[in-house]
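Hi,

Here is the structure I promised to pass on. Have a look at it first, and then read my notes below.

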Amino acid sequence: MTTTRTTVAIVGAGPAGLLLSHLLAREGVESIVLERRTRQYVEARIRAGILEASSVALLDSIGLGERIHREGFEHRGIYLQWPGERHHIDFVDRVGKSVHVYGQSELTRDLGRARDAAGQRFFYGVSDTVLAGLDTDGPSVSFRDERGEQVTIDCDLIAGCDGSFGPSRESVPESKRRIWERSYPYSWLGVLAEVAPSTDELIYAWHPDGFALHSMRSESVSRLYLQVDAGTDIAEWRDDRIWDALAVRLGDGEAGWHLTAGPIAEKSILPMRSFVMEPMRHGRLLLAGDAAHIVPPTGAKGLNLAIADTALLAEALVAFTKGDASPAEHYSERALRRAWRCTHFSWWMTTMLHTTGDPFEAKLQLAQLAWVTSSAAGASGLAENYTGMPIGF
Ligand code: FAS
Ligand code: PHB
């Protein structure tokens with residue numbers, strides 16, 4: 001058995017864990033990052049694609065924005081549509097902010113390279129991760145490393161950045177935590193297609209057959225999603241059926257617009273749920289990102305919430321190591337303010353755009369879409385939330 005020591009043990013090497021180690025190191029606080037999967041697996045995961053204005057500003061401020069501006073796309077807004085209507089919501093006109101399209105995989109690679117350059121200590125491929133001593137001033141994290149050797153990290157603080165299936169969430173005693181959860185009766189079928197996007201900015205489409213989203217990753221790669229029933233087996237959806245459904249729902253052929261199909265490189269089913277756990281701290285364990293909350297991806301908030309949590313958590317942990325415990329005491333309350341704002345917005349976008357077969361609900365959705373696309377107040381509300389509230393608002 002090996003025992004080592006650091007100031008902050010970070011569980012999870014997704015965006016939250018990697019960004020946290022970078023922000024801490026900039027303030028002279030050392031950490032060790034441990035990750036269940038291999039680095040290749042983590043970097044290859046296809047997940048989020050939109051960075052809010054505050055996320056880009058933060059990454060710029062720490063020297064990690066260069067590739068976003070070089071290879072990403074800056075978007076002024078999105079299209080909202082329903083049969084026969086397509087309307088652009090211009091975020092820059094409404095709230096003076098834009099968003100960037102930049103895949104989470106790319107951000108994870110950028111963060112990994114930056115951490116390598118800084119000599120970050122990692123353990124990839126770990127198993128049997130156990131958090132202990134959370135109520136003491138000497139917590140620890142034990143695990144088996146990739147060779148199966150038992151390792152213990154003694155530390156001052158533990159950052160739970162281990163997503164929705166990690167041990168951190170469960171390490172908060174049941175008697176101390178409250179959970180709010182909602183599962184939606186539909187999922188997303190996501191495809192990565194080797195074809196140029198058929199649109200300049202994202203199209204969110206309401207359709208009686210179900211929601212569809214046209215996003216992108218580059219000039220030659222499109223990212224598209226289809227609403228399917230919860231529990232759908234991906235084997236039920238052959239590529240031609242996927243493209244046919246996308247064409248119908250996105251309005252192929254309407255007003256001269258065409259959807260270009262192409263080879264599908266990856267397809268998967270993403271369940272839709274909202275989940276928030278309070279508090280985001282227990283003793284020396286503080287949680288960030290998906291470890292504490294999950295949002296349906298309709299509002300493009302998951303990754304951005306993880307980034308915002310991490311910025312607040314880094315500030316709290318650095319202060320704690322310098323003897324000021326106050327930011328850590330207020331961390332959970334501050335992070336949850338944004339988590340609930342984003343949980344509401346993601347629910348609002350999801351319930352506005354996904355059909356349930358209920359004709360009354362369909363009329364309400366169409367009325368809401370008509371209002372949001374014709375009212376300055378409605379459009380500004382969507383723009384303010386989609387481009388993101390300031391971190392720590
Ligand atoms: P992550 O889940 O990214 O990272 C947590 C890490 O902890 C993982 O690498 C995991 O392997 C590791 N871990 C778990 N248990 C561990 C243990 N016991 N020991 C050590 N490490 C452990 N958001 C959007 O905005 N748009 C999208 O389209 C979108 N699509 C998504 C698709 C899928 C399939 C999923 C699951 C999520 C999607 N999300 C999307 C949300 C996603 O982007 C998350 O919000 C984001 O990854 C959050 O980052 P982290 O909090 O770092 O969690
Ligand atoms: C994506 O590009 O993966 C994406 C974009 C916007 C969303 C969800 C996913 O709301």
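Helix α10 passes helix α12 in a left-handed crossing (left-handed is when the near helix is turned anticlockwise from the far one by less than a right angle, right-handed when clockwise). Helices here are DSSP runs of H or I with at least four residues, strands are runs of E with at least two, and both are numbered from the N terminus. The axes of α10 (residues 326–353) and α12 (residues 376–387) come within 10 Å and cross at roughly 125°; axes are lines fitted to C-alpha atoms, for helices over the stretch in contact, with angles from 0 to 180 degrees between N-to-C directions. That makes the two helices oblique to each other, because under 35 degrees counts as roughly parallel, over 145 as roughly antiparallel, 65 to 115 as roughly perpendicular and the rest as oblique.

Before the ligands, a quick word on the ground rules. This is a predicted model, where local features need pLDDT of at least 70, side-chain atom pairs count only at pLDDT 80 or more, and totals for chains, interfaces and linings use all residues. Residues are numbered from 1 along each chain as its sequence is written, chains are lettered from A and ligands numbered from 1 in the order written, and side-chain values use heavy atoms, leaving out hydrogens and water.

Now ligand 1. It is surrounded by 31 residues, with Glu35, Arg45, Arg47, Gln104 and Asp290 the closest (a residue is near if one of its heavy atoms lies within 4 Å). A polar side-chain atom of Arg47 lies 2.9 Å from an oxygen atom of this ligand, while for a backbone N or O atom of Ala16 the distance to a ligand oxygen is 3.0 Å. Helix α9 gives the most to the shell around ligand 1, with three residues.

Ligand 2 has 15 residues around it, and the closest are Tyr204, Ser215, Arg217, Tyr225 and Pro297. From an oxygen atom of ligand 2 to a side-chain N or O atom, the distance is 2.8 Å for Arg217 and 2.6 Å for Tyr225. Strands β16 (212–216) and β17 (222–229) each supply at least two residues of the shell around ligand 2.

Two backbone details to find yourself: the peptide bond from Glu278 to Pro279 is cis, with omega near -10°, and Pro279 sits in the loop between β18 (264–278) and β19 (281–282). Asp128, in strand β10 (residues 127–132), has phi near 55°, a positive value in a residue other than glycine.

Cheers

Technical notes:
Polar contact = N/O pair within 3.5 Å; in protein donor to acceptor, adjacent residues only side chain to side chain.
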